[in-house]
Amino acid sequence: MNIIGPDTLVFGVDDVAACAQYLEDYGLKPIDASAAGGRFEALDGTGIVIAHKDDAALPPTMGTASMLRKTVYGVADQATVEQIAQELEKDRAVKRLPDGSIEAQDDMGFVLGFQVSVRRPLDLPAEAINAPGAPPQRAPNVVAVDEDAVALPRSLSHVVYFVPDAAKAEAFYARLGFVCTDRLLGAGPFLRPAGTPDHHTLFLIQTPPFMKGCEHFTFHMGGPTEVMLAGTRFVNKGYQSFWGPGRHKMGSNWFWYFNSPLGCHVEYDADMDLHDEAWVAREVGMCADASQLFLFQQRDKWAPGGPPPGAAGAGERH
């Protein structure tokens, strides 16, 4: 089944104004947004929709603290939507919506939607580097550092679920053509649908039932410098860094996670591995060394001649 990846995540939130400001500061563009909520888009049209938690138009909660109400997947064409509907109707109710999309629940109770993808093609340069032994990617006199450079989310990358039964959840997504690209033993699988080469668009983490919900979501950036630049700007706006910046091992993507008012963490990521059917999934035990190749600690700026970073008076952020 030609599922490309998540088009939209829908949240029912406590504080619409705070979440709207957060998403705009993160770099998403408000679309038809109002005091009641709205859509916030990346450059390719994928995005986040927010509404107040009591909005009657939202799907029901999962009965946990999670604010995620629906994950909408984009697919290649309407024939794929129908193929998915026929598969899911074998053992569950499928709602057919006026816009041609469908809605159903997975085996963990997450509400899913499937629609012809809203993703717009992008024609943007990637980060360019110069390295000894390789042809230059930047010509002479073209500098890499621009403090005013635009660093905006390009595309909704992936979502991570806390689930009470990772094996059962994985089996459901396998029915829809998702394959495991890597597995953290003691946590769960990284899953890639057939319509994308991205290492994963879904990661499942085994947790107790009361934790069920969204752990984080992320958007792809144009490269590691954009992750650092956007993340630094986010910190400077007062948002709290949770984890990062650093680089993951599984997927190889650069990352920087932040706390958010959406009841989950929100990440910037870049430079994810791509895979095809020839890839053989790795299995490693869940631990800090398996989760990241390296991890930095964000600090205030420092210049030579000043107090050592972290010393009294050096402006260390707490």
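Predicted model: local features only at pLDDT ≥ 70, side-chain atom pairs only at ≥ 80, totals over all residues.
In the hairpin formed by strands E3 and E4, five residues lie between the two strands, and Gly45 adopts a positive phi near 95°.

The pairing of E2 with E3 is antiparallel and extends over four bridges. Within this pairing, Lys29 stands opposite Glu41 of E3.

These strands belong to an open sheet of eight strands, ordered E2-E3-E4-E1-E5-E8-E7-E6, in which the pairing is mixed. Its edges are strand E2 (29-34) and strand E6 (95-96), each of which pairs on one side only. Helix H1 (residues 16-26) packs on the sheet and touches E1, E2, strand E3 (37-41) and strand E4 (47-52). The direction of H1 makes about 165° with that of E4.

In general, the strands of a sheet pair through backbone hydrogen bonds, in either a parallel or an antiparallel sense. E1 and E4 pair in the parallel sense, over six bridges. With E5 (residues 68-75), strand E1 (residues 3-13) pairs in the antiparallel sense over seven bridges. Which residues does Leu9 face in E4 and in E5? Leu9 stands opposite Ile48 in E4, while its bridge partner in E5 is Thr71.

A further helix, H2 (residues 78-88), also lies against strands of this sheet. It lies across E1, E5, E6, strand E7 (102-105) and strand E8 (111-116). Relative to E8, helix H2 runs at about 150°.

Attention may now turn to another sheet. This open sheet consists of 10 strands in the order E17-E10-E11-E12-E9-E13-E16-E15-E14-E18, again with mixed pairing. Strand E17 (282-285) and strand E18 (292-295) stand at its edges with a single partner strand each, so one side of each has no neighbour in the sheet. On average, neighbouring strands of this sheet are turned by 20° against each other when direction is ignored.

An example of parallel pairing in this sheet is given by strand E13 (residues 213-220) and strand E16 (residues 265-270), which are joined by five bridges. Here His216 has His265 of E16 as its bridge partner.

Helices accompany this sheet as well. Helix H3 (residues 166-175) lies across E9, strand E10 (179-185), strand E11 (188-192) and strand E12 (202-206), and runs at about 155° to E12. Helix H4 lies across strand E14 (241-248), strand E15 (254-258) and E16, and its angle to E15 is about 15°.

The largest pocket holds about 740 Å³ of space. It is lined by 28 residues, of which Ala144, Asp146, Thr225, Glu226 and Leu229 are the closest to its centre. Which element gives the most to this lining? Helix H4 (residues 224-236) does, with seven residues. By class, the lining of the largest pocket comprises 13 nonpolar, seven polar and eight charged residues.

The second largest pocket has a volume of about 510 Å³. Among the 26 residues lining it, those closest to its centre are Asp198, His220, Asp271, Met272 and Leu274. The elements that give two or more residues to this lining are E1 and strand E9 (155-163). Strand E1 belongs to the sheet of eight strands, and strand E9 to the sheet of 10 strands. The lining of the second largest pocket divides into 13 nonpolar, eight polar and five charged residues.

It remains to view the protein as a whole. Its secondary structure comes to five helices and 18 strands. The radius of gyration is 20 Å, close to the 20 Å given by the globule rule for 318 residues, so the protein is as compact as a globular protein of that length. Along the principal axes, its C-alpha trace spans about 70 × 45 × 40 Å.

Key: Residues numbered from 1 in each chain as written. Heavy atoms only, no water. Pairing = 2+ DSSP bridges. Contact = heavy atoms within 4.5 Å. Axes fitted to C-alpha atoms, helices over the stretch in contact; angles between N-to-C directions. 1 Å grid on protein atoms, 1.4 Å probe; cavity = no way out; pocket = protein on both sides within 12 Å on 5 of 7 lines; lining within 4 Å. Points joined across faces, edges and corners; volume = space filled by probe spheres on them. Nonpolar A, V, L, I, M, F, W, Y, C, P; charged D, E, K, R; others polar. Rg over C-alpha atoms; globule rule 2.2 N^0.38 Å.
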